[in-house]
Amino acid sequence: MCREDVKETVNSPSSSKENHTENNQSPNPVIHSPVPIHNKPNFASPIIVDTSIQQYPTLSRLFNGIKNFLDAQKSVLIAQNPGIMLENAKFRLIKKSEFDQFEKFTIPLMNSMLTEFFEPFLSLNQEEKMLILRIFALKFSIMIKMYQTIKTFPDIQDTRGVVHYCYIYDTKNIDAFVCEYENPEQHFKLTDAILKRARELANKFLAYNFGDMECAALSYIIFSIASEKVPNIEPQVERIKNMVFKEIHGYYVTNFGVEQGGIKFCQLFHSIFHEIMIFYNKLHEDLTVATVFLEDFFDTWMDMNAFEDK
């Protein structure tokens, strides 16, 4: 099950903390020189395009947009941290300050992706674009991290998850994520719960065999729901959404038969998307509590008001 380029790094039941960096750093974050975790060079992109997606023009275009987004994300991160290309590290444990910094710079990249590949986003005025982007961004971010995680760590026993190119979390080393706080122990329980739920969600994606086709289809469904706030584009969005449904259903029927294809179609939109929303809503609750009760807590998604109003 495990891909050749990642299986050397996948946790086994006997794995110990010695395989990962303790990463107990100074309270002052050093973005340009994080401690390497695995001494294997040349981090390989987890994106392996399913060639069959080319048979489905709407899904193919959407996935090209997603791939461009991930490539741009990688380029910006390397530009900000050129040491990545010089180190013998395949993965690095991410710190909270790095997480917030990296999440923030992905927003303009999402905007570019929507403008170029998600119709009819280009035709909207700036206010409408920002409204849709605010609702779309975090849900898409959750989905894409799950997609990258199962491509990179395709073992249900693994405790790691992908956050950005070269940067990961490990539920066996929560200390690395919270080490910069003055009182990291106050943040440990909350962070532990969130990251473990993230890996549990990734495992549900893994069990479903979530791939390029699903990533493309679900991304537009997330976009279409965000677009409900701009009712004048409903006909255009509905037209493309129906094409997405038709293509993903056709793909499932072709590859799994009418009965199993229909089941997978329903599971994608009623189970996987539902699980994303459960994670999203619980994350909102946890971050809201942390903002109130932890004086030194900061989260970029809360700061950007990325959660929908109830």
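Me: In what order do the strands of the open sheet lie?
Reply: There are three strands, with mixed pairing. Two strands pair if DSSP finds at least two bridges between them. Strands (E, at least two residues) and helices (H or I, at least four) are DSSP runs, numbered from the N terminus. The order is β1-β3-β2.

Me: What kind of model is this?
Reply: Residues are numbered from 1 along each chain as its sequence is written, and side-chain values use heavy atoms, leaving out hydrogens and water. Local features need pLDDT of at least 70, side-chain atom pairs count only at pLDDT 80 or more, totals for chains, interfaces and linings use all residues, and the model is predicted.

Me: Which strands stand at the edges?
Reply: Each edge strand has a single partner strand, so one side of each is left without a neighbour in the sheet. The edge strands are β1 (92–93) and β2 (160–164).

Me: Do β1 and β3 run parallel or antiparallel?
Reply: Two bridges join β1 to β3. Leu93 stands opposite Ile168 in β3. The two strands run parallel.

Me: Do β2 and β3 run parallel or antiparallel?
Reply: Four bridges join β2 to β3. Gly161 has Tyr169 in β3 as its bridge partner. These strands run antiparallel.

Me: Which residue in the turn of the β2 and β3 hairpin has a positive phi?
Reply: Two residues lie between the strands of the hairpin. The phi in question is about 75 degrees, and the residue is Cys166.

Me: How many residues of β2 are buried?
Reply: Buried means under 20% relative accessible area, exposed over 50%, partly exposed in between (1.4 Å probe, protein chains only). β2 is largely enclosed by the rest of the structure, because its buried residues number five of the five.

Me: At what angle do the axes of α1 and α6 cross?
Reply: Axes are lines fitted to C-alpha atoms, for helices over the stretch in contact, and angles run from 0 to 180 degrees between N-to-C directions. The axes of α1 (residues 57–80) and α6 (residues 212–226) come within 9 Å. They cross at roughly 90 degrees.

Me: Which residues of α1 meet α6?
Reply: Contact means heavy atoms within 4.5 Å. On the α6 side are Asp212, Met213, Cys215, Ala216, Ala217, Ser219 and Tyr220. On the α1 side are Leu59, Leu62, Phe63 and Ile66.

Me: Which residues does Ile272 contact, leaving aside its neighbours within four places in sequence?
Reply: Ile272 lies in helix α7. It is buried, with a relative accessible area of 4%. Its contacts are Lys204, Phe205, Tyr208, Phe210, Leu218 and Gln267.

Me: How far apart in space are Ile272 and Glu214, C-alpha to C-alpha?
Reply: In sequence, Ile272 and Glu214 are 58 residues apart. In space, the separation is 9.8 Å.

Me: What share of the residues in the protein chain is buried?
Reply: The protein chain comes to eight helices and three strands. It has 310 residues, and the buried share is 55%.
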